[in-house]
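Please read them with the structure open.

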Amino acid sequence: MYALIDCNNFYASCERVFNPSLNGKPVVVLSNNDGCVIARSNEAKALGIPMGAPAFEYKKTFEKYNINIFSSNYALYGDMSSRVMNLLSEFTPEVEIYSIDEAFLKFIGFDFFNFQEIGLQMKRRVTKGTGIPISIGFAPTKALSKVANRIAKKFSERTNGIYVIDSEEKRIKALKWLSIEDVWGIGRKHAKRLKALQIYNAYQFTQLSDDWVRKNMSVVGLRLKHDLEGKPTLDLETTANKKMIATTRSFEGMLTSYQDIRERVSTFAVSCAEKLRHQQSQCHMLMVFLHTNGFRKDLPQYGRNIVVKTHYPTNSSIDLVTYAEVGLQAIYREGFHYKKAGVIVMGLTPNNQKQYSLFTSENPKHEPIMNVVDRLNKAYGNNKIKFGSQSLGRQWKMKQEKLSPRYSTNIQEIITINA
DNA sequence: TCTGGGGTCCTAGGGCGA
DNA sequence: TCTGTCGCCCTAGGACCC
């Protein structure tokens, strides 16, 4: 049996844990730069605020309905997430953390257990331990547990946030209820194609022939079909190291000068290098990209990316800044208003599997320097140590006008209770 | 004026050596 | 020495997820 546990309106719920006066009121959380709506409480959903809504377009709606707005506070959400995941792992050792707010659990040898009861215990444990509300779906496969979770959430008053698919009858009923575009693994494109063929729900999808699905939706679609049929095909994924690491940002305004963009790109490269060292990996390729604002049809558009190969595997900030600059020089063009840039490191290998080059080698001083940089940044806060190409005086700040405190990870910002 | 960020997997097609 | 075929590797692009 698999379970999918999903935190309800996760970011909005995190804000509520430390500010209970928000309970019952509409809450939205915005993306970086306070750009789009990325999380909504049920009350905000009921007011018709869609996912991804640009904040500036909905400003009046926010004011009209007194909606509580928050900038995204990843320090808080990340910490709350790991607390939830820790509690869930008390129920079975087989846990796949699927995203910041979701986990698959696998129950082997629980044949005679009552999953409804296990679900109740999980809910109580997580609510008591973190204050985060969760929904739980149990089913014999991962894809079906996603479906069960959806039912648990959709009919929460009847299901109490827990639903178990444990019979053929329930499976078919659930699949007939689920619209094709809501099936996990069927995105917009495939949903459109399937609808054109009169396939409107998940059950109809499972009635297609394997050959057709394989031919038109690749093995990915076929695996999904089998999983929905109740034949376990997708298993828990082991949490290996990441295969690529990215740091990309939209700029608050638009940038034109090479120097300004270079500063930003250097910072992205430094950030990638830090993430690489954190997971004890190194990269042998780095991609730099930049592009103009696609929403501004009145301005000339330009966008390019370039992959730069490193001479040896590295996670040195000094090296990566250098390579990133080589890439940027190759793709930067004068005369455009740039809105977004990023650095992505690829071809990752563990630190202890190093393929040396005959002709070039890393500077042996980098490793101890990076160790010191990481230690200082850890002790005194991130980005205290900067590199030459990053500006010392200038602070590039994301727009975060509605940022809540880091209640659970910073002692200076701990919650205060007035008696 | 203002529209996010970070990932994974799969396939097709070309280059290239055996 | 030339040519055809096969399989591997790499890359770009597409589709999906949260």
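1. In this predicted model, a phosphate oxygen of DNA strand C lies 3.0 Å from an N or O atom in the side chain of Lys189. Lys309 also places a polar side-chain atom by a phosphate oxygen of DNA strand C, at 3.2 Å.

2. A residue is near a strand if one of its heavy atoms lies within 4 Å of it. Which parts of DNA strand C lie within 4 Å of the protein, sugar and phosphate or bases? Of those atoms, 100% belong to sugar or phosphate.

3. Helix H9 (188-196) and strand E5 (95-99) each supply at least two residues of the surface near DNA strand C. H9 gives the most, with three residues. Helices (H or I, at least four residues) and strands (E, at least two) are DSSP runs, numbered from the N terminus. By class, this surface has six charged, four polar and four nonpolar residues. Asp, Glu, Lys and Arg count as charged, Ala, Val, Leu, Ile, Met, Phe, Trp, Tyr, Cys and Pro as nonpolar, and the others, Gly among them, as polar.

4. Helix H1 (residues 10-17) is largely enclosed by the rest of the structure, because seven of its eight residues are buried. Buried means under 20% relative accessible area, exposed over 50%, and partly exposed in between (1.4 Å probe, protein chains only). The buried residues of H1 are Phe10, Tyr11, Ala12, Ser13, Cys14, Glu15 and Arg16. Their cover includes strands E1 (2-7), E2 (27-30), E3 (37-40) and E4 (68-71), together with helices H2 (42-46) and H4 (74-88).

5. Arg16, in helix H1, counts as buried at 16% relative accessibility. Neighbours within four places in sequence aside, Arg16 is in contact (heavy atoms within 4.5 Å) with Leu22, Asn23, Gly24, Lys25, Val27, Ser41 and Glu43.

6. How many disulfides does the structure hold? There are zero, a disulfide being a pair of cysteine sulfur atoms within 2.5 Å. The sulfur of Cys14 is 7.4 Å from the closest cysteine sulfur, that of Cys7, so the two are too far apart for a bond. Cys283 is in no disulfide either, the nearest cysteine sulfur being that of Cys272, 8.2 Å away. Cys14 is buried at 0% relative accessibility, and Cys283 is buried with a relative accessible area of 0%.

7. Most residues other than glycine have a negative phi. Asn9, in the loop between E1 and H1, has a positive phi of about 40° and is buried at 17% relative accessibility. Asn160 has a positive phi of about 60°; this residue is in the loop between helix H7 (156-159) and strand E8 (162-164) and is partly exposed, at 44%.

8. Conventions: residues are numbered from 1 along each chain as its sequence is written, and chains are lettered from A and ligands numbered from 1 in the order in which they are written. Local features need pLDDT of at least 70, side-chain atom pairs count only at pLDDT 80 or more, and totals for chains, interfaces and linings use all residues, while side-chain values use heavy atoms, with hydrogens and water left out.

Definitions and conventions
Polar contact = N/O pair within 3.5 Å; in protein donor to acceptor, adjacent residues only side chain to side chain.
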